[in-house]
Amino acid sequence: MEKFYAVLIAHCALVFFLLHLVHYSLLFFASHFVERIAVSATCLVVTLITFRFTKKWYLQDEIDTKKKAVLITGCDSGFGYLLAQRLERKGFKVFASCLFPRGAGASELKMILSEHSKVFGLDVTKQESIQQALKYVKDNLGPYELWAVVNNAGVRKGFSMELSSMQDFEDCMDVNALGHVRITKAFLNLLRTSKGRIINVNSISSRMPMPDIIPYCMSKHAAAGFNDCLRVELANTGIKVISVEASAFL
C-alpha cells in the first residue's frame, strides 16, 4: 500500500505541475491559437508517457521468485492446470499435484512444465496419500522453500436437497472443505519456516446461498469459514491466508 500511495502522490504532483504549466502558457500565448494547442498536446503526451512508466513500475512483480516453491492441488484441469503453468513462467518451482497422475491433464503438464517443476499424484481425501505427498515435496525441495500452498482441488456434486444423495454431501465436504484442512495441517510447518501463504480456492457460493447445488454450496461455506478463522489464528505468524472466490469457470 505504501508504494500505491507513493505513486498516487507523485502523479498528483505531476498533474498539478502540468496544469499550472498549461495555465501560464495559455496566458502567455493567449493570442496564438496554434501555440496553445501545441502546449496542451505536449502536456498531454508527457502525462501519458509518465503515467505509462509509473503504472508499469507500480504493477511490476514485486515478489522475488528465486528459491521459492508452490504446491498446487487439483492440477488435472481448470484453475490448477493453468496456474501451474503461469507460476512456472513467473520463476517458481511448482509442485503440481493431480488426482490422476496418469491422466490426460497430468500427462500434458509433464510435457509443458520443465524438469524444474514436479507433477505427481495426490488425493486430498486420503491421509496416506497426503503424507506421501509431504515426503515427496520435502525430498524434492532442494535449496527451495515452500512459499505457498494453493488448496485448489474441488468437486461439484448434487442438485436440490431432495435430489442429492448423502454421498453427494459427503463427497463435497470431504474434498472442498476437509481437503483444505488436511493439506494445510500437513504442510503448515514448512510454511512457518518460509512465512509463506495459504491460498484457498473457494467460490462465490461460499458467501451466498444458492439453491439446487446445496451440497457444493454448503461445502464452500465451510471452506470459507475455515479460511477466515485460520487467517485470524495465524495473523501473528507471518503466514498469509487468502480466499479466492471465483464465479463460474468454463
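Visitor: Hi! Which residues of E6 are on its covered face, and which on the uncovered one?
Guide: Hello! In this predicted model, Val241 and Ser243 make up the covered face of E6. The uncovered face has Lys240, Ile242 and Val244.

Visitor: Okay, what does E6 pair with, and over how many bridges?
Guide: E6 pairs with E5 in the parallel sense, over five bridges. To find one of the partners, look at Ile198: its bridge partner in E6 is Val241, a residue of the covered face.

Visitor: And what's the order of the strands in the whole sheet?
Guide: There are six strands in an open sheet, and the order is E3-E2-E1-E4-E5-E6, with parallel pairing.

Visitor: Which strands sit at the edges?
Guide: Strand E3 (118-121) and strand E6 (240-244) are the edge strands, each pairing on one side only.

Visitor: How much are neighbouring strands turned against each other?
Guide: On average by 20°, if you ignore direction.

Visitor: Let's go to E1. How many bridges join it to E4?
Guide: Five bridges join E1 (residues 68-72) to E4 (residues 145-151), and the two strands run parallel. As an example, Ala69 has Leu146 of E4 as its bridge partner.

Visitor: Now the helices! Which strands does H5 lie across?
Guide: Helix H5, residues 127-141, lies across E1, E2 (93-98), E3 and E4. Its direction is at about 160° to E2. Helix H6, residues 166-194, also packs on the sheet, where it touches E1, E4 and E5 (197-201). The direction of H6 makes about 160° with that of E4.

Visitor: How do H5 and H6 pack, then? What's the angle, and how far apart are the axes?
Guide: The angle is about 25°, and the axes are 10 Å apart. That makes H5 and H6 roughly parallel. The crossing is right-handed.

Visitor: Which residues make that contact?
Guide: From H5 come Gln127, Ile130, Ala133, Leu134, Val137 and Lys138. H6 brings Arg182, Ile183, Ala186, Phe187 and Leu190. By type, the contact has eight nonpolar residues, one polar and two charged.

Visitor: What about H6 and H7? How do their axes cross?
Guide: The axes of H6 and H7 (residues 214-233) come within 7 Å and cross at roughly 20°. The two helices are therefore roughly parallel to each other, and their crossing is right-handed.

Visitor: Which residues meet there?
Guide: On the H6 side they include Phe169, Cys172, Met173 and His180. On the H7 side, Tyr216, Met218, Phe226 and Leu230 are among them. The residues of this contact divide into 13 nonpolar, four polar and two charged.

Visitor: Changing topic: where is His221?
Guide: His221 lies in helix H7.

Visitor: What is His221 in contact with, leaving aside its neighbours within four places in sequence?
Guide: Ser205, Ser206, Arg207, Met208 and Pro209.

Visitor: And how far is Ile204 from His221?
Guide: Their C-alpha atoms are separated by 9.4 Å, and the two residues are 17 residues apart along the chain.

Notes: Residues are numbered from 1 along each chain as its sequence is written. This is a predicted model: local features need pLDDT of at least 70, side-chain atom pairs count only at pLDDT 80 or more; totals for chains, interfaces and linings use all residues. Side-chain values use heavy atoms; hydrogens and water are left out. Two strands pair if DSSP finds at least two bridges between them. Helices (H or I, at least four residues) and strands (E, at least two) are DSSP runs, numbered from the N terminus. Axes are lines fitted to C-alpha atoms, for helices over the stretch in contact, and angles run from 0 to 180 degrees between N-to-C directions. Contact means heavy atoms within 4.5 Å. Angles under 35 degrees count as roughly parallel, over 145 as roughly antiparallel, 65 to 115 as roughly perpendicular and the rest as oblique. A crossing is left-handed if the near helix is turned anticlockwise from the far one by less than a right angle, and right-handed if clockwise. Ala, Val, Leu, Ile, Met, Phe, Trp, Tyr, Cys and Pro count as nonpolar, Asp, Glu, Lys and Arg as charged, and the others, Gly among them, as polar. Buried means under 20% relative accessible area, exposed over 50%, partly exposed in between (1.4 Å probe, protein chains only).
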